[in-house]
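Work through the exercises below with the structure open. Each task is followed by a solution in steps.

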There are 2 protein chains.
Amino acid sequence: MPATAHAYSGSPLLVTFVAGVSGEWSVDRISPVVGESLAPAASIAVREGRGDSTPAGSVWSLRGVTSNARYTTRAESDALTARQAGLHRPSATRAALIPIRKSPAWWALAQDERRAIFEAESRHTTIGLEYLPAIARRLHHCRELHEPFDFLTWFEYAPEHEDQFEELVRRLRATKEWEFVDREVDIRLSRVEPAKGSSL
Amino acid sequence: MPATAHAYSGSPLLVTFVAGVSGEWSVDRISPVVGESLAPAASIAVREGRGDSTPAGSVWSLRGVTSNARYTTRAESDALTARQAGLHRPSATRAALIPIRKSPAWWALAQDERRAIFEAESRHTTIGLEYLPAIARRLHHCRELHEPFDFLTWFEYAPEHEDQFEELVRRLRATKEWEFVDREVDIRLSRVEPAKGSSL
C-alpha cells in the first residue's frame, strides 16, 4: 500500500533514514542551510517500521515517526487530502530529505501562538497546497525520540518539477516560522535505477 | 531541581515508570477503568532520563516523554503557571499514575476539532485549574514511542486532598473528551517512608 503524502491515518510509523554506501536513493548533495551539516554519504536507505539496529557501514541515521498533524484544521486537512499525491510514484525519481530543528523559543510558545505563526503569518499549509500534487510530502516527528532534529520532511517529485520544489523551499524559508529554525540540512537525492540487465 | 507540574520548559525528558518489587512509591491499587488492566505490582520506581534497560525483577514498565502542550493557549498556560505546584512536595505523599490511550477516531480528528472537544466542550484545562495547587501534575507523551498507551499522567497530592482528586478524575471521565479514551488504568500510590532508624 503506497503511503499517502500529507495524510496521517492509523498508527504512527517509525521511519529510519540510513545514510551509507547502499540504499534506494543516491545522494546528489548535502547542504547545510542553518547550523551544522551532516556527514557526506553516497546513498540513503529509507526503512519503514521497527527493525534491526543501525546497519554496518552506515555513516549516520535519523529516525522519525509519522503522527497526527499538530496545526492543520479540518478545512485545511480536507483541501490537502483532495490534492495530494502519495509517495512512490514511478515518475517521482527525485527526493529531498530536510531535517530541521526549531529553537527553544518556538517550543516555549503556546499552541495558539505557534498556530498563528505557522499559518496566519507564515501560510505554511497555504503555500504547500500550491505545489500539490507535484510535490509529495511526508512529515516525521522526532523531538520526542531524543534525536538531533525535531522534524524530518521527505519530499518526492519528478525531475521536471525541480524548479517548483526550489521555489517551495525558498518561500518557506522566507517565512516568520523559519526564524525559529535553528538547524536545517537540505539533502537532495535521485532514485537508484535498477542495474541494466537485472531481471526485475 | 524540582520538576514543575504543568509547565514544560527545555528539552523533552524521558520518564520510565517501572513496576516491580522496589521503588519509592508503593502501589495501593491498580484499577482498570476502560479496557485491559496492568499486572499487579508492589511498587513503582520513577526513573527520569535515559538509563539502562528495564531492571531485573520488573513486572512492567511504561515510558513517556514530557513535551510542549498541544492545546493550551497562552492565556491558559499563564493561568496554569500562576497556580500550579511542582512535583516532589514533602506533603504530597499520595500519587496517581493514569495511563490512557485514545481511539483511532480521536487521532483522525484535525487540530481544531480536537481542541474544540478538549476545551470548548470538555473544559479540560478549566477543570484542572480548579484543583491547583493541591493536585500537581506532569503529562508524558508516548504515542510516538511505540508504547501501549498514548499518555501517562502523573499526579501528586497530600492525603487530605484525596477527595478532591477523586472529584477531579470523576469530572474529567464524564466529559466528551473521555468518550475517545479506549483504554485507561488508574494506579494509586503512597510514598514509601524511609525505614525507621535510617540516617537520612
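A residue is called buried under 20% relative accessible area, exposed over 50%, and partly exposed in between. The model used here is predicted.

**Exercise 1.** Describe the contact between chain B and chain A.

Solution. Start with the residues: chain B gives 26 and chain A gives 26. Next take the area buried between the two chains, about 2,200 Å², with 45% from carbon and sulfur atoms. Then count the polar contacts: 16 residue pairs, both members at pLDDT 80 or more. On the side of chain B that touches chain A, helix α3 (residues 111-121) supplies the largest share, 4 residues. By class, that side of chain B has 10 nonpolar, 8 polar and 8 charged residues.

**Exercise 2.** Is Arg74(A) buried, partly exposed or exposed? Find its salt-bridge partner and explain why the pair joins two chains.

Solution. The partner is Glu113(B), at 3.0 Å from N to O. Arg74(A) lies in helix α1 (residues 74-83) of chain A and Glu113(B) in helix α3 of chain B, so the pair joins two chains. The relative accessible area of Arg74(A) is 26%, so Arg74(A) falls between the cut-offs and is partly exposed. Glu113(B), at 24%, is partly exposed too.

**Exercise 3.** Where do Arg70(B) and Glu144(A) lie?

Solution. These two residues form a salt bridge, with the closest N and O atoms 3.3 Å apart. Arg70(B) sits in the loop between β4 (60-65) and α1 (74-83) of chain B, and Glu144(A) in the loop between β6 (136-141) and β7 (151-157) of chain A. Both Arg70(B) and Glu144(A) are buried.

Key. Residues numbered from 1 in each chain as written. Chains lettered and ligands numbered in written order. Predicted model: local features only at pLDDT ≥ 70, side-chain atom pairs only at ≥ 80, totals over all residues. Heavy atoms only, no water. Contact = heavy atoms within 4.5 Å. Buried area = accessible area lost by both parts, 1.4 Å probe. Polar contact = N/O pair within 3.5 Å; in protein donor to acceptor, adjacent residues only side chain to side chain. Nonpolar A, V, L, I, M, F, W, Y, C, P; charged D, E, K, R; others polar. Salt bridge = Lys/Arg side-chain N within 4 Å of Asp/Glu carboxyl O. Buried < 20%, exposed > 50% of the residue type's maximum accessible area, 1.4 Å probe, protein only.
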